[in-house]
Amino acid sequence: MDLNSPSAIRNIAAKHGFVFKKGLGQNFLTSGEALEHIADAAEIESGALEIGPGFGVLTSELAKRAEKVVAVEIDERLIPVLAETLMEYDNVKVINADVMKTDLAELIKNEFGGKSVSIAANLPYYITTPIITMLLESRIPVKNIVVMVQKEVAERISAEPGTKDYGALSVLCRYFTRPELICVVPAELFVPKPKVDSAVLRLRVLDKPSVSVSDEKLFFRTVKAAFSQRRKTLLNCLSANFPYGRTALSDALDSAGIDPRRRGETLSPEEFAALSERLRELPDGR
Ligand code: SAM
């Protein structure tokens with residue numbers, strides 16, 4: 001079924017009496033070209049997992065390239081629509097669930113025999129960062145994550161240290177993956193039209209994290225603390241978030257080779273790793 005135009009999307013919505021829910025981030029993509037870019041960028045080997053299939057426009061592109069596609073959709077009103085739009089594909093399974101409450105490790109084990117999958121999604125914007133964080137931190141077997149996100153989120157994720165967009169999400173993504181901007185998608189190509197443009201981002205999951213740390217939780221806690229108050233120095237941010245005196249923190253920064261007056265957004269992932277190693281050596285350092 002060809003749904004690659006605003007009128008086709010509106011027609012199928014009207015046929016099923018479907019009203020878009022802003023609260024679920026329901027801005028559906030109508031560009032065949034952008035959908036092909038996402039599906040190609042996923043470089044699917046055998047299995048693909050989609051988050052939020054909507055009317056199934058991306059799902060069908062994935063189904064053409066994968067042995068099997070599993071699509072997790074929270075909105076039960078979309079299940080009968082998907083049964084119709086994906087009728088011609090026998091390699092697609094739709095699961096009606098909230099992806100944030102789904103055990104994806106179990107799903108990948110049951111549906112794909114535990115083999116590494118590609119994840120593709122036009123993500124609901126209200127929950128982009130929690131979904132990306134969950135996908136990365138849960139350490140599920142994933143090769144590539146290709147997501148459509150708001151353009152400014154894509155810029156934040158791919159930002160270099162020292163730039164205004166660089167933040168905790170950039171460090172998290174660079175720790176687990178190599179982020180690449182695939183293309184920008186203008187707001188006009190969605191129904192309903194969102195306020196801002198979007199971008200497709202590919203996160204190639206690394207075989208091992210980009211920097212080595214002995215305590216991952218402490219590493220992420222250090223990163224979050226460093227970005228907790230952007231205009232403050234690293235020393236101030238750390239002392240507001242860790243139960244240590246300023247002298248101990250200042251010494252830890254010095255011994256990691258980091259000037260305590262610097263700001264979090266100037267630290268590379270390697271420097272965050274060195275800092276979290278020094279914090280770990282402090283008494284009760286976790
Ligand atoms: N894939 C379709 C497309 O590209 O046109 C729809 C994308 S739309 C931006 C986001 C989709 O995610 C919607 O279908 C929405 O119902 C679904 N969704 C929102 N929150 C979700 C959640 N927590 N778990 C699973 N799906 C969710």
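This is a predicted model: local features need pLDDT of at least 70, side-chain atom pairs count only at pLDDT 80 or more; totals for chains, interfaces and linings use all residues.
**Strands, rings and a ligand**

Strand β3 (residues 68-73) and strand β4 (residues 92-96) pair in the parallel sense, joined by five bridges. Two strands count as paired if DSSP finds at least two bridges between them. Strands here are DSSP runs of E with at least two residues, helices are runs of H or I with at least four, and both are numbered from the N terminus.

Residues are numbered from 1 along each chain as its sequence is written, and side-chain values use heavy atoms, with hydrogens and water left out.

Together, β3, helix α4 (residues 78-85) and β4 make a right-handed β-α-β unit. Right-handed means that, with the strands pointing away from the viewer, the path from the first strand over the helix to the second runs clockwise.

Next come the rings. The structure holds 14 aromatic pairs. Rings of Phe, Tyr and Trp (its six-membered ring) pair if their centres lie within 6.5 Å; planes under 30 degrees apart are stacked, over 60 edge-to-face, and the rest tilted. Take F18 and F55: their ring centres are 5.3 Å apart and their planes stand at 65°, so this pair is edge-to-face. F18 lies in the loop between α1 (6-15) and β1 (28-29), and F55 in the loop between β2 (47-51) and α3 (57-65), so the pair ties together parts that are 37 residues apart in sequence.

Buried means under 20% relative accessible area, exposed over 50%, and partly exposed in between (1.4 Å probe, protein chains only).

F20 and F28 also pair edge-to-face, at 5.2 Å centre to centre and 75° between the planes. F20 is partly exposed at 22%, whereas F28 is buried at 9%. Ring pairs link F18, F20, F28 and F55 into a cluster.

Finally, turn to the ligand. A backbone N or O atom of P53 is 3.3 Å from a ligand nitrogen. For G54, such an atom lies 3.3 Å from a ligand oxygen. A polar backbone atom of V99 is 3.0 Å from a ligand nitrogen.

Notes: A polar contact is a pair of N or O atoms within 3.5 Å; within protein, one must be able to donate a hydrogen and the other to accept it, and residues adjacent in sequence count only if both atoms are side-chain atoms.
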